[in-house]
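Subject: Handover of a structure for your study

Dear colleague,

Please find below the structure that I am passing on to you.

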Amino acid sequence: MVNKCSECGTCCKLFWINLTEEEYKSGKYKTQFEMFGSINDFKEAERCGANIIRQKEDESCIYLKEGKCSIHQIRPKSCREFFCASKNKKFKGMIEKINKAKLK
């Protein structure tokens with residue numbers, strides 16, 4: 001099976017996206033608490049959730065537009081590593097949640 005994103009947008013509606021230190025410090029992604037400024041200590045940013053991509057009122061990713069990722073080509077590392085069809089055990093719970101959501 002090829003690890004390729006189908007771009008269905010389901011994961012963008014279900015999961016919070018944690019940025020890496022490099023992504024957070026780059027400033028190219030909108031984060032949950034950016035209106036308060038960035039936190040220089042990345043470990044502190046992780047502890048308080050400042051490194052999480054901002055969400056819309058419906059809790060989907062701010063970059064989800066018309067059911068598709070509007071930043072797919074430059075999406076964060078966590079998005080690039082995850083695939084709905086992955087056999088990686090670390091994604092088992094996430095995949096189960098996606099499959100349940102698709103059945104609704």
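Phe 91 counts as buried, because its relative accessibility is 9%. Here, buried means under 20% relative accessible area, exposed means over 50%, and partly exposed lies in between, with a 1.4 Å probe and protein chains only. Please note that this is a predicted model, in which local features need pLDDT of at least 70, side-chain atom pairs count only at pLDDT 80 or more, and totals for chains, interfaces and linings use all residues. Residues are numbered from 1 along each chain as its sequence is written, and side-chain values use heavy atoms, with hydrogens and water left out.

Phe 91 is placed in the loop between H4 and H5. Helices (H or I, at least four residues) and strands (E, at least two) are DSSP runs, numbered from the N terminus. Not counting residues up to four places away in sequence, Phe 91 touches Glu 81, Phe 82 and Ser 86; contact means heavy atoms within 4.5 Å.

**Aromatic pairs**

How many aromatic pairs does a search of the whole structure find? The search finds 3. Rings of Phe, Tyr and Trp (its six-membered ring) pair if their centres lie within 6.5 Å; planes under 30 degrees apart count as stacked, over 60 as edge-to-face and the rest as tilted.

Phe 15 and Phe 82 form an edge-to-face pair, at 6.3 Å centre to centre and with 65° between the planes. Phe 15 lies in the loop between H1 and helix H2 (21-26), and Phe 82 in the loop between H4 and helix H5 (92-103), so the pair ties together parts that are 67 residues apart in sequence. Both Phe 15 and Phe 82 are buried.

Tyr 24 and Phe 42 form a tilted pair, with 5.8 Å from centre to centre and 50° between the planes. This pair links distant parts of the chain, since Tyr 24 is in helix H2 and Phe 42 in helix H3 (residues 42-48), 18 residues apart. Tyr 24 counts as buried at 9% relative accessibility, and Phe 42 does so at 7%.

Phe 91 returns here: with Phe 15 and Phe 82, Phe 91 forms one aromatic cluster.

**Nonpolar cores**

A nonpolar core is a set of buried Ala, Val, Leu, Ile, Met, Phe, Trp, Tyr and Cys residues joined through side-chain atoms within 4.5 Å. The largest has 14 residues, and those with the most contacts inside it are Leu 19, Tyr 24, Tyr 29, Ala 45, Ile 53, Cys 61 and Tyr 63. Apart from this core lies another, of 5 residues, among them Phe 15, Phe 82, Phe 91 and Ile 95.

Phe 91 and Tyr 29 are 24 Å apart in space, C-alpha to C-alpha, and 62 residues apart in sequence. Leaving aside neighbours within four places in sequence, the contacts of Tyr 29 include Leu 19, Ile 53, Tyr 63 and Arg 75. Arg 75 sits in the loop between E2 and H4 and counts as buried, at 15% relative accessibility.

**Pockets**

Where is empty space left? Rolling a probe the size of a water molecule over the atoms shows this. On a 1 Å grid over the protein atoms alone, a pocket is an open set of points where a 1.4 Å probe fits, with protein on both sides within 12 Å along at least five of seven lines; lining residues have an atom within 4 Å of a point. Grid points are joined across faces, edges and corners, and a volume is the space filled by probe spheres set on the points.

The largest pocket has a volume of about 320 Å³. Of the 22 residues that line this pocket, the closest to its centre are Cys 5, Glu 7, Cys 11, Cys 12 and Cys 79. The second largest pocket has a volume of about 200 Å³. Its lining has 13 residues, of which Ile 17, Ser 78, Cys 79, Phe 82 and Met 94 are the closest to its centre. The largest share of that lining, 3 residues, comes from H4.

His 72 touches Cys 5 and Glu 7, not counting residues up to four places away in sequence. His 72 is buried, with a relative accessible area of 12%.

Yours sincerely,
A colleague
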